[in-house]
Amino acid sequence: NVHVNALVNAHLPDEKTSAFASDVVAGLTHQPKQLSPKYFYDAAGSDLFEQITRLPEYYPTRTELDILRDRGAEIAAIIGDNAALVEFGAGATTKVRLLLESCRFAAYVPVDISGDFLTAQADDLRRDFPELAVHPVIADFTTAFKLPAAIEGQPKVGFFPGSTIGNFEPHEACRFLRSAREILGVGARMIVGVDLEKDERVLHAAYNDAAGVTARFNLNLLLRINRELGGNFDLSAFVHRAIYNREQHRIEMHLVARKQQSVRLLGTTISFRAGESIHTENSYKYSIERFGALARGSGWKVQTVWTDAAKMFSVQALVA
Ligand code: AVI
């Protein structure tokens, strides 16, 4: 591994790429092979994810937006006026705009690792909400970071939509909620989007869409490895597979080798048996009870759960 790191660092000066490189080598030499879903989101992957959110089979985004829109007044009543809204990770602004329209926030603090994206997003929001103080923070939101001094003394509300929490392992979700509680402080609240357990056929369709966008999203990870790490993956030699793991309450995404093959990257050869898979993502689905237990175990209490009529998705208000 020392050898691999030295090699990686010699060829790839930039810090982000070398973290990607060592994670990829570690994941592909692990048994079973695995890659972190956080690497899906390069420019092409983020664009494919945007397309996923508009697919007829992919219910989470649409359902969460409906809940945020329909329950705006109730959410506002819980939060009160003049709080600071801290969003963990900042994607499209569609969801936060709904909260900013229904509640009277004094400040908005988007936290994201990508500075360029944050700046563009902050400028748009300042234009559309002139009363709102926008203080972007460039940081990895899964680690401890400092809130801007400007929001000191204001009540804090965390925002973590999209069931991104479902892409964490349960122990990571617990660690994240704990750290969010420490960052936000005593008396804080948190609004979290949590995908719910449901008919397996609905889940299966959502992650195996007819148009094949989720397959392209999954395979894009191999393209990214080819482009950024000089790999030679043959994309036509892998297939997307998403299955529901009932015991673990999660959708698993895999890339399965169609035939025996080997791939070169970063001076290493990775061999695949026919049918061997790379596990690329888990998307955990919670019951209301199981998420409540997770929240309690990380120092929060569930105050209110809002769902759509069909109980597909939930938006939950936690209190520290
Ligand atoms: C971002 N995350 C909540 C999505 C999910 O549903 O787990 C990512 C995704 N993977 C496949 N389709 C969408």
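1. Overall dimensions. This is a predicted model. A compact globule of 320 residues would have a radius of gyration near 20 Å, and the chain, at 20 Å, therefore agrees with that expectation. The C-alpha trace spans about 60 × 45 × 35 Å along its principal axes.

2. Secondary structure and contacts. Eleven helices and 14 strands make up the listed elements of the chain. Among contacts in the chain with a separation of 6 or more, 68% involve residues 24 or more positions apart.

3. Burial, surface and charge. Of the 320 residues, 53% count as buried. The chain exposes about 14900 Å², and carbon and sulfur atoms supply 52% of that area. There are 35 positive and 38 negative side chains, with the centres of the two sets 4 Å apart.

4. Annotation. UniProt, in an unreviewed entry, lists residues 20–318 as "domain: Histidine-specific methyltransferase SAM-dependent". In the model, this span is 38% helix and 25% strand, and its end C-alpha atoms lie 34 Å apart.

5. Helix α6. Which residues of α6 are buried? In this helix, which covers residues 94–102, they are K95, V96, R97, L98, L99 and L100. The elements against which the buried residues of α6 pack include the helices α4 (59–70), α5 (72–79) and α7 (115–128). They also include the strands β2 (84–88), β3 (107–112) and β6 (156–160).

6. Residue E64. This glutamate is found in helix α4. With a relative accessible area of 1%, E64 falls under the 20% cut-off and is therefore buried. Apart from residues up to four places away in sequence, E64 touches K95, P161, G162, G193, F313 and V315. Of these, K95 is one of the buried residues of α6.

7. Residue A90. The loop between β2 and α6 holds A90. At 5% relative accessibility, A90 counts as buried. Beyond its neighbours within four places in sequence, A90 is in contact with P110, V111, D112, F117, L118 and Q121.

8. Residue S298. Where is S298 found? It occupies the loop between α11 (288–297) and β13 (301–307). S298 has 0% relative accessibility and so counts as buried. Leaving out residues up to four places away in sequence, S298 touches C174, L177, R178 and R181.

9. Residue R241. Is R241 buried or partly exposed? This arginine lies in strand β8, residues 238–245. Its relative accessible area is 43%, so R241 is classed as partly exposed. Setting aside neighbours within four places in sequence, R241 is in contact with N218, E252, M253, H254 and V256. R241 and R62 are 179 residues apart in sequence, and their C-alpha atoms are 24 Å apart in space.

10. R241, by contrast, is partly exposed.

Definitions and conventions. Residues are numbered from 1 along each chain as its sequence is written. This is a predicted model: local features need pLDDT of at least 70, side-chain atom pairs count only at pLDDT 80 or more; totals for chains, interfaces and linings use all residues. Side-chain values use heavy atoms; hydrogens and water are left out. Helices (H or I, at least four residues) and strands (E, at least two) are DSSP runs, numbered from the N terminus. The radius of gyration is taken over C-alpha atoms; the globule rule is 2.2 Å times the number of residues to the power 0.38. Buried means under 20% relative accessible area, exposed over 50%, partly exposed in between (1.4 Å probe, protein chains only). Contact means heavy atoms within 4.5 Å. Accessible areas come from the Shrake-Rupley method with a 1.4 Å probe; for residues, only the protein chains shown count as cover. Lys and Arg count as positive and Asp and Glu as negative; His and the chain ends are not counted. The place of a charge is taken as NZ of Lys, CZ of Arg, CG of Asp or CD of Glu. UniProt positions are given in the numbering used here, feature names are shortened, and annotations may be inferred rather than shown by experiment.
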